[in-house]
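Have a look at it first, and then we'll start with a pair of strands.

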Amino acid sequence: MSDVVERTLTALPSLLSSDPSPGRPSSTSKLGTLIRGITELTSKHDEEKLIQRELVSIKEQVSSPNTTMRQMKELMVRAVYCEMLGYEASFSYIHAIKLAQQGTALDKRVGYLAVSLFLNESHELLLLLVNTVLKDLQSTNLIEVCMALTVVGQVFPKDMIPAILPMVEEKLNHPKEIIRRKAVLALYKFYLIAPNQVQHIHSKFRKALCDKDPGVMSASLHIYLEMVTEKPESYKDLVVSFVTILKQVVGGKLPIDFNYHSVPAPWLQIQLLRILSLLGKNDRSTSEMMYEVLDESLRRAEMNHNITYAILFECVKTIYTIHPKAELLEKAAKCIGNFVLSPKINLKYLGLKALTYVVQQDANLALQHQMTIIECLDHSDLIIKRETLELLFRITNGQNVKVIVEKLLEFLRHSKDDYVTIDLGGKVTELAEKYAPDNSWFIRTMNTVFLLVGDQMQPDIPNSFLRLLSEGFESAEEDQQLRLLAVDSYVSLLQEQPARLPQRFLQVISWVLGEYSSVKEGLEPATVLRLLAPLLDLRHCSSETKSWVLAAMTKLSAGPACLSVAQELAERHGGSLDTTLRQKLHELQHLASDAELLRRVLPCSDGLESLEVDSSLSFLDGFVSEALAAGAAPYKPPHQRQEELAQEKALSVEPYGLSLPLSLSSSSIAGRLSPTVLSMSSGLSGNSTELSPKGGSALRLEGVTRVWGKEGYLAKAALKPEEAAKTEVPCTLSVLQEGGSAPRTPVVSLPAPAPGPSLQAEREKQQLASCLFVGLGSQGAAGPCLMGKAEPTRHGFRKKVKGQGSSSGAREPSGDSASSSHSPSPLSAQSAMDNLLCSSPLDSGSTPSPADSAPSPADSAPSLADSATSPVDPAPHLPHDLPANNRPCDAQEDLTEDTDTSETVVEGNSVAVVDPYDPESLCLSPHLPEELCGLPRSEFRPLCRDASLVLSACCVRTDHSSLLVVFVSNASDSAARGFALQMTSGDLEVSRVRGGPEEEEEHVEGHSVAVYQYSLVPTRPSVHMELAGRASYQRPDGEPQSTPFSYGLSLPDFIRPLSVSTEEYGRLWLASSNDTKQNLALLSQEPDPLRATLHRLRDRLQLNVVDIIASEGIVACQLLQGPPCLMHCRLNAGCLAVWLRSSLPELPDCLLYHCQRALAQH
Amino acid sequence: MMHFLLLFSRQGRLRLQKWFTPTPEREKKKIIRDMTAMVLARKPKTCNFLHWMDLKVVYKRYASLFFCLAIDDQENELLALEILHRYVELLDKYFGNVCELDIIFNFEKAYFILDEFLIGGEVQETSKQTVARCIEASDMLQEDDNSDWYDVELFG
């Protein structure tokens, strides 16, 4: 068959080369005329004119009331044609929808087609289609139903899915298989765009899987592939079915209709193989069920046709993914060999791809084919070459690194594709950092990368490079040599042609010269200054780069020679419009003339190791609390903000925005409080000026160094706090001591904005907040990864793998650079375990490490104030402020929580002398169901009350569920009839577990307590979760009574320890993708801070501490009925560097928030 | 999962475009430009696969027409090649000795066939007979329709 096609098609060019033969396209057709007209035109300009004319005429006709539907159909086809050529015909969209709605079946078909081509899912006009689709789904005409389902499977507005879902579901039982198949595919589409909507019909998917029509069954496999990818463990019971189906397909049991070039249902086979590989991964017993059918597939697929190769390739992948079986591996290896050696270039490509996939498990296979690989490396086809490089990248080690990197760089030199350049640049850097054979090679290679990749480079490359340089590794001698080499090469680069260097490289050069040019003997600072100065004149030199250059110059400016350079510069650029530049020039000039001050502000680099960084920015506490006192809104991390937004809608006890002073609001809260709460808050409102509630705590907790936004460093934003600090520079500076050790002098707090919340001050505050906390979201996964290889972990500043023997414990106290190797290969799980997966979690500039804090690339505007104040730990400056700031903050939170609950009840209720809300006074514990006694539970909290009923609740944690136990105490004499509780929550799934005496109508007798239990399952993790409810019953006088209430829960209520072995942990780690990294406060006063901190987390948040080795610990937990969340902790410079991973994107962020809170509470 | 399918001539003229994932107009134009440039620049005896951003592009030339399909990185390239081939077979069955002109002048038919074969970026129906039957059934609807612009027998 295909031969026929190919022959026909190859014979065609002769036909086509001549002008369209007369009679082919209908001459009467307007479309034909248009198309022919366009083909005859030669210039783009003429074409544009013609089409515009055409569009005008179409527009005229579609809006005319006299146009019939048939004409409309014709017009629509012409409009589609114009759109295809790239001319917008948006005026016709609405008419396409109209056509689908009003036309006859055939018009409809064109209308639907036009809609699916014109509009995408998010287009608002699609809403107008919903009714039409609904109508057609109900049509008795099968073809109309088909059309509706087809359009639904392509474009449908997400929000409107519920409207048609029941109808589509119903179609799953339709007698016609084509309708069933299209319905399944429509559901697949729904699953992709809104998985939650179709959760309830999983059982129907199973039915589709068992459909007697193979077409319907294979359509359902699309859904299964998605679901299995997400959660393989839930579908293990289906393995037998999948295997049986595959066996039948391979055995040729399907109708011949499904054959493709006499291969039975290849698409179906491949889909099944994929599902099986996911199910058999890391699961021996499941894998064993598949061996036979895989063997069979390999054996059957022997015909020499592309489609059989496609099946073979998939088979090989599956065999290498599931639990290995020697016999199958052997066959698969032979298969790969056939691919690689094939003269057909497509197969060779696939062979290389397969080799890349398996090489980590079977390096020998690459060895066997080394000659072929070498040939491919010089292949004329760049795609083959690129694939070969990918393979080489996977097999790089200490010995072959030079060659492979050379090959990669060679490719990089000729690459014109930005995407490839960035990708390969990252790969070369990774290899160079991991395997560099010597220092000069490393510097040379990195120079080439900086030059070739230029400014598109991923920002973490220069970052980790500088980090490596500053922190060093192994011996101090080598470090010095490395720095010397870097300085040498940069000096010569600057002497040659600095104008050609990319910005990022210039930044790196400036920093290195500023820091380390003293390493080179005989290199005068003034010489370096003269080398750097011309960079300021370069036109393409960005303001950011200039800041780097000037920062470097400032560090070096000692001696009269430098002063003269500084003055020259000041004269030349003094009139610059760039205020940052002028400011820095001014600093430079000032410091160059005052050696004493310079030494104090920028101590020599010897003291770098002892620098401590206050990542909590506690030195800003004073500033923050003053700002707060002046009425600024406390800072909240984004997730919290969202939560509170929701709360604020219900309750207005939180201070609104900026206008309402905090003290006022807290006292007004207090006025409405019950006595117990009042007493608690009175102490608090007393020192309301010191109050830095959530703002203070959040500020302390969130690391601040994430100044990298999506677009890179936010230089301008970061400037503001410096400038604020600058107004009192001499004063601030005076308390800094030499050597960077923490000064003991009580510090003058940072200048606060002028008293009285003027508009200007507020804007500044907003800017401060936005620049300090911008980009707090977790960064996306780094590096593209090929064919399911474990995501290549960036090894940051770990360069060599020499000290293999030295365990991770034998590290120098300050650094972490020399930790032992960690290979991403699954086979070296042992080594990965030793390290506790120690790929330094803090490589992307999220933590200020000792040495690079001031000048790290993340901090690319290392200005005077920056390098002077922030790296030096000013925490001890505020020994009294700190706890003071913390305590009220906790109290405040409790306060607001309590107010939340009482607020709802306050309506028309007098405060009793004995607080009737106090749940403990109601003695509820005896009413707790027996089976729940002894389980961990929260305190009893009041929900609501009215004249006769008091509702309280507590949350009980069992191993597999979280239960909300609601106590309804009826203190009156008469029974409350028809009592009912309703609860809803956006974040939680609430289901009743066991109730009072009756199911439907319930009565709460006088002087009794009824207990209701609800099981809570989070639908998505968030920091706080709110449960809204309503209690309704009939009062004795028959009047219906209804009281709303709410109950707040937090994430830890739904976190359970996850017990895994270290090995399992390693596997899980590689399987999870959503990263969050952060520095946490360490309980440093404890004898074993790491252990103490982890145990605190364990106790507070129910985490399981899997293992602690030396300065690292791994912790695992699990969301209730949800995925695991893994945490890797490492001691780093006096704080706990944690790296969280989970398959659920929000989970790490939320958990981190609670970790911070758990550690902040003393 | 497939992302888009483009059909264009040797001169780089677009004949058909189908987007399986929502793509902004600007991006579409850029992709079309990139694809025609990249595919047309390929030399003979090179493989039928390309990289584009993080996608794989599988292309094949049939007579004067290039068929170009973008798939996810982890998809099977050979299988994608067969998808293109099956589409050509379907067109051939419908038009009978299909040529570029058939697709130019009856592009909406080509879309109809495509919609029966692929949907939402996945293969919907691989059986040639079933797809043909389905298209035929829909075409039957027009029996009573004497459209003059619509002309199936464009060639003899």
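Let's begin in chain A, where strand 6 (residues 949-957) and strand 7 run antiparallel and are joined by nine bridges. Before going further, a word on what you're looking at: this is a predicted model, in which local features need pLDDT of at least 70 and side-chain atom pairs count only at pLDDT 80 or more, while totals for chains, interfaces and linings use all residues. Residues are numbered from 1 along each chain as its sequence is written, chains are lettered from A and ligands numbered from 1 in the order in which they are written, and side-chain values use heavy atoms, with hydrogens and water left out.

Strands here are DSSP runs of E with at least two residues, helices are runs of H or I with at least four, and both are numbered from the N terminus. Two strands count as paired if DSSP finds at least two bridges between them. In general, the strands of a sheet pair through backbone hydrogen bonds, either parallel or antiparallel.

Back to our pair. Strands 6 and 7 of chain A make a hairpin, with four residues between them. To find one of the bridges, go to A:S952: its partner in strand 7 is A:F967.

How well is strand 7 of chain A enclosed by the rest of the structure? Nine of the nine residues in this strand (962-970) are buried, so it is largely enclosed. Buried means under 20% relative accessible area, exposed means over 50%, and partly exposed is in between (1.4 Å probe, protein chains only). Both faces of the strand are covered: A:S962, A:L964, A:V966, A:V968 and A:N970 are buried on one side, and A:L963, A:V965, A:F967 and A:S969 on the other.

Strand 7 of chain A also pairs with strand 11 of chain A, again antiparallel and over nine bridges. Here A:L964 has A:Y1014 as its bridge partner. Leaving out residues up to four places away in sequence, A:S1015 touches A:S962, A:L963, A:E989, A:V990, A:S991 and A:V993; a contact means heavy atoms within 4.5 Å.

Now step back to chain A as a whole. Its secondary structure comes to 46 helices and 19 strands, and 58% of its 1162 residues are buried.

Chain B has five helices and seven strands, and 71% of its 156 residues are buried. Five strands of chain B form an open antiparallel sheet in the order 2-1-5-4-3. At the edges sit strand 2 (14-19) and strand 3 (49-52), each pairing on one side only. Within chain B, strand 1 (residues 2-9) and strand 5 (residues 65-71) pair in the antiparallel sense over seven bridges, and B:S9 has B:L65 as its bridge partner.

Finally, where do the two chains share a lining? The second largest cavity is lined by 16 residues, and A:S116, A:L119, A:V155, B:W19 and B:F20 lie nearest its centre. Helix 6 (105-118) of chain A and strand 2 of chain B are the elements that give two or more residues to this lining. A cavity is a set of points, on a 1 Å grid over the protein atoms alone, where a 1.4 Å probe fits but cannot get out; lining residues have an atom within 4 Å of a point.

Definitions and conventions:
On a 1 Å grid over the protein atoms alone, a cavity is a set of points where a 1.4 Å probe fits but cannot get out, and a pocket is an open set with protein on both sides within 12 Å along at least five of seven lines; lining residues have an atom within 4 Å of a point.
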